[in-house]
Amino acid sequence: MPNALSTFLTLTVDGVSYGMMLFLISVGLTITMGVMRVVNLTHSAFAMIGGYFTLWLIGFGGLHYFAALPLGVAATMLLSLLLERTLYQWVYKSDPLGQLLMTIGMTFVATAIVKNIAGPQIQSIALPGLLTGQLALGAFSVSVYRVFVLLLSVAVAGALWLCLEYTTFGARLRAAVDNPRMARCVGINVPMVFSITFAIGCGLAALGGAVGTQMLPLEPYYGLKYLVLVLIVVAVGGVGSLKGSLYSALLLGLIDTWGRYYIPALGGFIIYLSVLAILLARPRGLVARVG
Amino acid sequence: MNKSSDLNVIAPAFGRQRYNWTDVGLLAAAVVTFIFGEYYLALAAVVVVMAIFALSLDLAQGYGGVESLGHAAFFGTGAYAAALYALHVSPEPISGLLVGAVAAGAVGLLSGFAVLRTRGLTQLMLTLAVATLLFELANVAKPITNGDDGLSGYDVSPVLGLFQFDIFGRTAFVYGCVVLVLVYALLKKLVNSSIGLTAQGIRENQVRMRMLGVPVERRLWVLYTISAAIAGVAGALSAQINRIVGLDSLAFMMSANVVVMLALGGTGRLYGAFFGAIIFVVLSDRAAAVDPTNWLAALGIVLILIVRYAPEGVAGWLAKRGQRRAK
């Protein structure tokens, strides 16, 4: 059955690229939650903000897609850094429930601001000609856009890993994660390291939000609508584990894509059923952090 | 809570078992609404439903320390159960409430098994996953639930065979208030019973309660199931009053709203549920009529400020004022 096989392959590529985008959006959250111990329900809103910044840079700034993308991400990072230095200082001081309420409050505010500026309609960023069309390989064909998302996310994830493993900043971050007090004692500016990490996480979310608009279209309620999805990726992966987030994002992306195609009657139900099953079997996620 | 001297802790603890002026004031407010607020009775009925819902969350969160981002699971289950019961079995409302309570309680019992094994963030995620699962289930099971269109077309017969539901919502409001009073009385009894007191102990220090020989898991399980059943009552009430049950009764926003309400009102005091429901429902109704977008922004800002400056909500602020006056 070459047809069934090529469909399966196409779905797999789609699922992996969807999963990688989910990884980009959620990886920052696993760090803020697991490492900085902050329940940050505003995280998905940063993905939305990144998407809108990119959209506006293209629409009003007249920039090319590939120029607007990094600028949009940079603008979101700047904004997140600003917020982290100000409003999030209150969040850090609250208990978990307070953090949850404060950050969901911030998401409400972000939603309202975006709705006022951009209007309530659903939008997506128009792709440049380079990214439209299909890549065909015999009977097997896959959209160029999906491959682009896939490659970009893999590159970013790789860069992230290299940065964590081989740079001084990565070493500082790992030290700050493992033992914040000791790290402070040896002269690492822990709050600064966390600030930068927070901004990087938000930047990754912004990138995911901006390149993923064909899969998760932009709208003012983006931050609330996809929050559950992002939280689930983090919880399934194991809070605080980058590797876990990667596995769970890929797994959920694949399950969702396959499920929607092969068992359309169940639609989005399958993904939540698997989430429940996984969390029942492994309450601390796929890759539980030790200690 | 445990920073003052022993006497200051014990005295209010016993005081809490009695009914006081706040209860009288709330009852008076309900009566005044019924007599003078005939155009607002529909809104008042929503307040009553949400107050019951918030009370159920207060039991789990404020007393048991179980954090939930998915309490809509029980509200929606109760609502759908009551609607299906009215549609297929009997339009009698009081048995409908019980059906809603039992169905939601069953969901609480089952999901509690998973949810209560964990704490903190994972617990939040599990409650969220349960609620989302039920939401998607209701969405998929279109032949039974009617999916996006909502379940409607069922009839609700007069309460006790005497009071017909009228177009002004008089019966609905009084019916809701009676249910609310009963739930409140039950909860007041419950939180001051041995199970309620041990639950508070568990909330404060789980390890110590275990050392004292308290069956921690079982206590929390019972508490969570009761909380779920009460949320189911709220959902069933909403189904009977509104004559329609939509997917929104299971949605994340429903769970988030009730958490917000309880935060506004204050947790662990029961009154918080009343204040939170009144403030949230009335304000959101008024503001949504004027400007829904900026209402969301205002709500967000209020949330941030409440957590920063009044973490115990309106009820906590009132209680502190009361204590200061007593001194």
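Reader: For chain A, what share of the contacts with a separation of 6 or more comes from residues 24 or more positions apart?

Author: A contact is defined by distance: two residues are in contact if their C-beta atoms, placed from the backbone, lie within 7 Å. In chain A, residues 24 or more positions apart make up 74% of the contacts with a separation of 6 or more. Please note that this is a predicted model, in which local features need pLDDT of at least 70 and side-chain atom pairs count only at pLDDT 80 or more, while totals for chains, interfaces and linings use all residues. Residues are numbered from 1 along each chain as its sequence is written, and chains are lettered from A and ligands numbered from 1 in the order in which they are written.

Reader: How many helices and strands does chain A have?

Author: Helices (H or I, at least four residues) and strands (E, at least two) are DSSP runs, numbered from the N terminus. Chain A has 13 helices and 2 strands. Its radius of gyration is 19 Å, close to the 19 Å of the globule rule for 291 residues, so chain A is as compact as a globular protein of that length. That radius is taken over C-alpha atoms, and the rule is 2.2 Å times the number of residues to the power 0.38.

Reader: Is A:Val38 buried or exposed?

Author: A residue is buried if 20 or more other C-beta atoms lie within 10 Å of its own, exposed if 12 or fewer, and partly exposed in between, with C-beta atoms placed from the backbone. A:Val38 counts as buried because it has 23 C-beta neighbours inside 10 Å. A:Val38 sits in the loop between α1 (2-34) and α2 (43-59) of chain A. Beyond four places in sequence, A:Val38 touches A:Thr32, A:Met33, A:Val91, A:Tyr92 and A:Gln99.

Reader: Which residues does A:Met215 contact, leaving aside neighbours within four places in sequence?

Author: They are A:Tyr18 and A:Met21. A:Met215 lies in the loop between α9 (190-211) and α10 (222-225) of chain A. With 18 other C-beta atoms within 10 Å, A:Met215 is partly exposed.

Reader: At what angle do the axes of α3(B) and α13(B) cross?

Author: Two packed helices are described by the angle between their axes and the distance between the axes. Axes are lines fitted to C-alpha atoms, for helices over the stretch in contact, and angles run from 0 to 180 degrees between N-to-C directions. Helix α3 (residues 41-63) and helix α13 (residues 271-290) of chain B have axes that come within 8 Å and cross at roughly 140 degrees. This makes α3(B) oblique to α13(B); angles under 35 degrees count as roughly parallel, over 145 as roughly antiparallel, 65 to 115 as roughly perpendicular and the rest as oblique. The residues of α3(B) in this contact include B:Leu43 and B:Val46, and those of α13(B) include B:Gly272 and B:Ala273.

Reader: How does α3(B) lie against α12(B)?

Author: The axes of α3(B) and helix α12 (residues 252-265) of chain B come within 9 Å and cross at roughly 80 degrees. That makes α3(B) roughly perpendicular to α12(B).

Reader: Which helix gives the most to the side of chain A that touches chain B?

Author: The contact takes 37 residues from chain A and 32 residues from chain B. On the chain A side, α5(A) gives the most, with 15 residues. By class, this side has 28 nonpolar, 7 polar and 2 charged residues. Here Ala, Val, Leu, Ile, Met, Phe, Trp, Tyr, Cys and Pro count as nonpolar, Asp, Glu, Lys and Arg as charged, and the others, Gly among them, as polar.
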